[in-house]
Number of protein chains: 2
Amino acid sequence: MAFEITNELINNVTLYVENSNDKALNELFEEMHYADIAEVLEEVSFDEAVYIIKLLDSETTSDILIELDETVREKIFEQLTAKEIAEEIEELDTDDAADIIAELPEERQEAVMSQIEDAEHVKEIEELLTYDEDSAGGLMAKELVQVNENWNVLKCVKEMRIQAEEVTRVHSIYVVNDAGQLKGRLSLKDLLVASTRTHISEIYIPKVDAVHVNDSAEDVANIMRKYDLEAIPVIDDNEILLGRITIDDIVDVIKEEADKDYQMAAGLTQDVDSDDSILDLTKARLPWLFLGLVGGIGAFLVMGGFEESFSENAILFFFTPLIAAMAGNVGVQSSAIIVQGLANDDVKGSINNRLLKEMLLAALNGVVLAVFLFLFVWVYEGKIDTAFAISISLVVVIIVAGLIGTFIPLFLNKRGIDPAIATGPFITTSNDIFGILIYFMIAKIILGI
Amino acid sequence: MAFEITNELINNVTLYVENSNDKALNELFEEMHYADIAEVLEEVSFDEAVYIIKLLDSETTSDILIELDETVREKIFEQLTAKEIAEEIEELDTDDAADIIAELPEERQEAVMSQIEDAEHVKEIEELLTYDEDSAGGLMAKELVQVNENWNVLKCVKEMRIQAEEVTRVHSIYVVNDAGQLKGRLSLKDLLVASTRTHISEIYIPKVDAVHVNDSAEDVANIMRKYDLEAIPVIDDNEILLGRITIDDIVDVIKEEADKDYQMAAGLTQDVDSDDSILDLTKARLPWLFLGLVGGIGAFLVMGGFEESFSENAILFFFTPLIAAMAGNVGVQSSAIIVQGLANDDVKGSINNRLLKEMLLAALNGVVLAVFLFLFVWVYEGKIDTAFAISISLVVVIIVAGLIGTFIPLFLNKRGIDPAIATGPFITTSNDIFGILIYFMIAKIILGI
């Protein structure tokens, strides 16, 4: 059932816009899912996209707008009046509305907010804008179904009907007390079998998972994933029910977190994709490359320092790319395992135990590889002492690289810094230099130069 | 609300097991979520875990077992009889049941299946076992609520009640015809307002997203994420409704796919985590390190080939780690962007356009870096021709590395091979060798040696 954008479809859309054939456009898009329409709008020209957004009713376009790439959305909003944007915002749930308002330039934010008619909606969006976007508060929507523990079933059902109209998917009925504190949840089945005069306090389930409004988005994602939850209520310090987070937003968080870690490991400093401009891609790539360049100059200086010692033994220089590559690879491997463990919240035990384990692991890998390298150098060059010096160095370099790769992410994590920055060029570069330095020092000692 | 395993809790559990204090254990675990109990079982000794599994009723333990690490679960199952395992399986939904059966050694699979009392459950599990685990069929459960378009509302409600007992969360009511073909879905609201004699065919919504049983898990995840679906029905070639997939399973797929790509980029050949044994970790790490070693030997041979040419100009050798690092970094960056784009299904346009864009991008980055390197070498060594040779080489190496990094994942993807294998040590290693080779060739030409 995967939707595919065909050239024919795009050509038709372009043609209809050219001829102002609004009827054909309306018919075409009526049948399509808003996520698919968003894809079409990203393929047609910018003027055509604006034409279509202005044509369709705001109930449809609001859903389309939240699916668009942020850059495309921003450009479209530049062509709309504050009034037109406000109409879109009115159709959206508070969480999406707040996300979109936050993207607008500050002077426009106020202009748009002042045009929104529903005062309650404005107040809720303003509250959501106060939370960090990577926290539970930044993810939650104000739309939810909540009932008071002191209501009877009759009143409860009546109130629920009204509330449910605002909520796309109900998921759970939350129970609060007069102060608004979350007390538990209500099962629809229990509600239906109870008599109309029964008080909610007699039938609700006084146990419900909740997250704090300041919990990080990543923590919320881990909790919802672990407990297989489709929605979770959000509370503040006083246990007041503030909103709820649904699984569709969490799916995006999980995807984005994983993508971000992957990008950092690959040496990309910001969230980019292959369709971004060359300038954006350069901004994401150049800083890490520059780090690599500085690292390479460091390696150059190290090698220059050993030039005289090894002038009779130039073959040692020819193994520096090997040593650097091994140090880099081992560092990336060991740090990736730690970073992923930290992200999944399953790194237990002390740092010392981790380091000890990595040391044993690296030693095991190192010895296997060193035996192979020893045999190659011995057979190829016929110099057993050189072969010995290079191989011993390789083992030590691999152990040190593994320890650095394990220690740095754990250290960064303790300091509250995202450990994912340690898996990319940062660790490769530092391990390159350390590796080459250790290599020459050990070779010098073993060969007695 | 994040659950934390305290030492006190573990000590208590150990003490209760030692004293066979079943009452205390039952009370303790009654209050806990099964995902938390699973965490406790992974912390206590293996014998204690088996004791607890045998103590708790199978309704609870079946949920705990699916949350356990596969290795822990396998070890526990070795201590249970086929009958005991069958009792656990009976409590599980068909998708989890099939996943667990698939993990058992073949001779045990039959023994366990023959002990399951519910013949329908056995048949459904057997069907699910025939599908590839990375396909929609491998993800779906047979439990769902389906009604026939020819039923009237009265019959429909009656049948739904019976079916709903088997289903943890209903999500959607699917409508089929007499042949079992998926025709659409039914809104609960429409059902409730219709008179009891109305036929379902008059009130159902004849539009429903579905996936084919052989669609890949990754495709299903992309569709559910794009359309914000919490459940999706699965059909075969004849549109027969076979089962449904729920969002909680998709969350795991998204997480695993992203983790896998990240691990491949870091040079880990299989799914490992930091708690795995040194042997498992070695198996995951050593193959890529070996590749790096072979690459390093390749670089050694290349350098050896240029030894005589550059014997008067040893400084050129000292820049090989820099050249190799830059080639590796650029290759990883460009391939990561393509791999991520392919995973998210948003790489559009022709390969040639991609390559052209990457060439421009790499050239831009390369020139900026080369200017910096030129100034350094010129000032530090005072040799303008050497500085020129190294800098020009750097630009060419970066462009070639970017093109290789872009081309390989696109090529692998066309061939149906997971492009993620191209982002790790594979591309670093090949770019190292190519980079060094290009570097010396260009330097030789420019310096006229």
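Which side chains meet in a salt bridge at 3.6 Å, N to O? To find them in this predicted model, select Glu27(A) and Lys23(A), whose side chains form that salt bridge. Both residues belong to helix H2 of chain A, which covers residues 22-30, and they stand 4 residues apart, about one turn of the helix.

**A link across chain A**

Next, select Glu117(A) and Lys83(A), which form a salt bridge whose closest N and O atoms are 3.7 Å apart. This pair links distant parts of the chain, since Glu117(A) sits in the loop between helix H9 (106-115) and helix H10 (119-129) of chain A, whereas Lys83(A) is in helix H7 (residues 82-91), and the two are 34 residues apart. Glu117(A) counts as exposed, with a relative accessibility of 63%, and Lys83(A), at 34%, counts as partly exposed.

**A link across chain B**

Now move to chain B and select Lys260(B) together with Asp418(B), a salt bridge in which the closest N and O atoms lie 3.4 Å apart. Lys260(B) is in helix H16 (residues 247-265) of chain B and Asp418(B) is in the loop between helix H20 (384-414) and helix H21 (425-447), so the pair ties together parts that are 158 residues apart in sequence. Lys260(B) is partly exposed, with a relative accessible area of 34%, and Asp418(B) also counts as partly exposed, at 29%. Over all chains, the structure holds 23 salt bridges.

**The sheet in chain B**

Strand E5 of chain B, residues 231-235, runs antiparallel to E6(B), and 5 bridges join the two. To see one of the partners, select Pro233(B) and then Arg244(B), which is its bridge partner in E6(B).

**Where the chains meet**

Finally, colour the two chains separately and turn to the interface, where 103 residues of chain A are in contact with 103 residues of chain B. The area buried between chain A and chain B is about 9800 Å², and carbon and sulfur atoms give 64% of that area.

Between chain A and chain B the count is 6 salt bridges. One to select is the pair of Glu39(A) and Lys226(B), with its closest N and O atoms 3.0 Å apart. Across the interface of chain A and chain B there are also 22 residue pairs in polar contact, with both residues at pLDDT 80 or more.

On the side of chain A that touches chain B, the helices that each supply at least two residues include helix H3 (34-43), helix H15 (217-226) and helix H17 (278-305) of chain A. H17(A) is the one to highlight last, as it gives the most to this side of chain A, with 17 residues. Coloured by class, the side of chain A that touches chain B shows 57 nonpolar, 17 polar and 29 charged residues.

Definitions and conventions: Residues numbered from 1 in each chain as written. Chains lettered and ligands numbered in written order. Predicted model: local features only at pLDDT ≥ 70, side-chain atom pairs only at ≥ 80, totals over all residues. Heavy atoms only, no water. Salt bridge = Lys/Arg side-chain N within 4 Å of Asp/Glu carboxyl O. Buried < 20%, exposed > 50% of the residue type's maximum accessible area, 1.4 Å probe, protein only. Pairing = 2+ DSSP bridges. Contact = heavy atoms within 4.5 Å. Buried area = accessible area lost by both parts, 1.4 Å probe. Polar contact = N/O pair within 3.5 Å; in protein donor to acceptor, adjacent residues only side chain to side chain. Nonpolar A, V, L, I, M, F, W, Y, C, P; charged D, E, K, R; others polar.
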